[in-house]
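Please keep the sequence and the structure in view while reading.

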Amino acid sequence: MITKDARRLRVGILGCGPIAQFAHLDACVKARNADLYAICDAAPDLLARMAATYEPTRTFADYDAMLADPDVEAVIIAVSDAYHVPMAMRALEAGKHVLCEKPIGTSVAEGEALRDAVNRSGRSLQVGHMKRFDPGLEAARDFVRDEMGELLALKAWYCDSTHRYTNTDAVQPLPVTSKLARKPSGNPKADLAQYFMLAHGSHLVDTARFLCGEITEVRARLSTRFGAYCWFVETSFANGTLGHLDLTVAVRMDWHEGFQLYGEHGSILAKTYNPWFYRSSDVEIFSEKDAAYRRPLGADGHFFRRQLEGFAEAVLDGAPMRGADVEDGLASIRAMAAIAQSVRSGDSVRLADVTGVV
């Protein structure tokens, strides 16, 4: 039984493709403090199918028309990476709040331009790093903040699996597609190293920052064999924590994601599942003060609904933004671009010095 708040954020979704179908449309329907007011897609057949299924108040074939609707208070950007920054900037200029899929851009310059647009607009922009709303990871972050004391080291890994689609095809409906869907001019997968870093590395980098704060420097190596890509990244954090990040696409095993974090007053061991299982991370928190482990259940694993509810709280109630803001999104781009530069040069790269593309 879904109980809705009296005042709810009226949301318009741009894009009715797979990520909207798997995540955002359902999140809008289930969120207690948001409504699916509008959907927009250039493909008329896809728009009609999603309208019949989810019954928004309005449908739009033209993005500017949706932005011109005064009843649309916020927009979810659920289109290809290449469109994130221009579509988000148009929404901000129209006075809308924005929840934008990650990554917010593919270059430092794009991220900086979007940050400036957010600052000019006076509107909220949240980046779709939904793992920040994983109850297990939230419990880990709370322990870091409240009890762990000084942090010593983080080892984190994000390893996609060769069997991921076997797993997800069993639990997801097949996405509705259209031959009329609008696509970027270039092939996003033409450069697989860039594609994997943007799609998967952005999650790993943001989780590391969520737990340990600002990343200041990276030194990275990349190995490519038998069609697999493996990055090992030495990471320095502003608070002195040492980090090791492992991004591998794809391992010949089950999905393998998690982290170990060592601190002054305890440690954390986490296992994160394929996100489409909607299962919270298994997190074991060890506290030195009573020499005991604690493992929160985290029964509510709908990260996408929870991130939308957090976004709506920030917009409607003025609550602090719990998700990733535009500065977090820009920091992720800087980290990914620094990793790419370090791979090419073999040297350590300071994030403050980074420019260019991922």
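Over 6 bridges, strand β1 (residues 9–14) pairs with strand β2 (residues 34–40) in the parallel sense. Within this pairing, G12 has A38 in β2 as its bridge partner. The model discussed here is a predicted one. Strands of a sheet pair through backbone hydrogen bonds, and the pairing is either parallel or antiparallel.

Strands β1 and β2 belong to an open sheet of 7 strands, whose order is β3-β2-β1-β4-β5-β6-β15 and whose pairing is mixed. Its edge strands, β3 (58–60) and β15 (324–325), each pair on one side only.

There is also an open sheet of 9 strands with mixed pairing, in the order β14-β13-β12-β11-β7-β10-β9-β8-β16. Here the edge strands are β14 (292–294) and β16 (349–350), each pairing on one side only. Within this order, β11 and β12 run antiparallel and are joined by 7 bridges. L261 has I268 in β12 as its bridge partner.

| Strand pair | Sense | Bridges | A bridge partner pair |
|---|---|---|---|
| β1 (residues 9–14) and β2 (residues 34–40) | parallel | 6 bridges | G12 and A38 |
| β11 (residues 256–263) and β12 (residues 266–272) | antiparallel | 7 bridges | L261 and I268 |

Helices lie against these strands as well. Helix α6 (residues 135–146) lies across β7 (151–161), β11, β12 and β13 (282–287), and runs at about 20° to β13. Helix α8 packs on the sheet too, touching β7, β8 (215–225), β9 (228–237), β10 (242–251) and β11, and its direction makes about 150° with that of β7.

Two packed helices are described by the angle between their axes and the distance between the axes. Helix α8 (residues 192–212) packs with helix α10 (residues 326–345) at an angle of about 115°, and their axes are 9 Å apart. The crossing of α8 past α10 is right-handed. Residues of α8 in this contact include M197, L198 and V205, while those of α10 include A331, M336 and I339. By class, the contact has 7 nonpolar, 3 polar and 3 charged residues.

Is T235 buried or exposed? T235 counts as buried because its relative accessibility is 3%, and buried means under 20%. A polar atom of its side chain lies 3.3 Å from the backbone oxygen of V233. Apart from neighbours within four places in sequence, T235 is in contact with I215, E217, V218, T241, L242, G243 and L245.

Notes
Residues numbered from 1 in each chain as written. Predicted model: local features only at pLDDT ≥ 70, side-chain atom pairs only at ≥ 80, totals over all residues. Heavy atoms only, no water. Axes fitted to C-alpha atoms, helices over the stretch in contact; angles between N-to-C directions. Helix = DSSP H or I, 4+ residues; strand = E, 2+ residues; numbered from the N terminus. Left-handed = near helix turned anticlockwise from the far one by under 90°. Contact = heavy atoms within 4.5 Å. Nonpolar A, V, L, I, M, F, W, Y, C, P; charged D, E, K, R; others polar. Pairing = 2+ DSSP bridges. Buried < 20%, exposed > 50% of the residue type's maximum accessible area, 1.4 Å probe, protein only. Polar contact = N/O pair within 3.5 Å; in protein donor to acceptor, adjacent residues only side chain to side chain.
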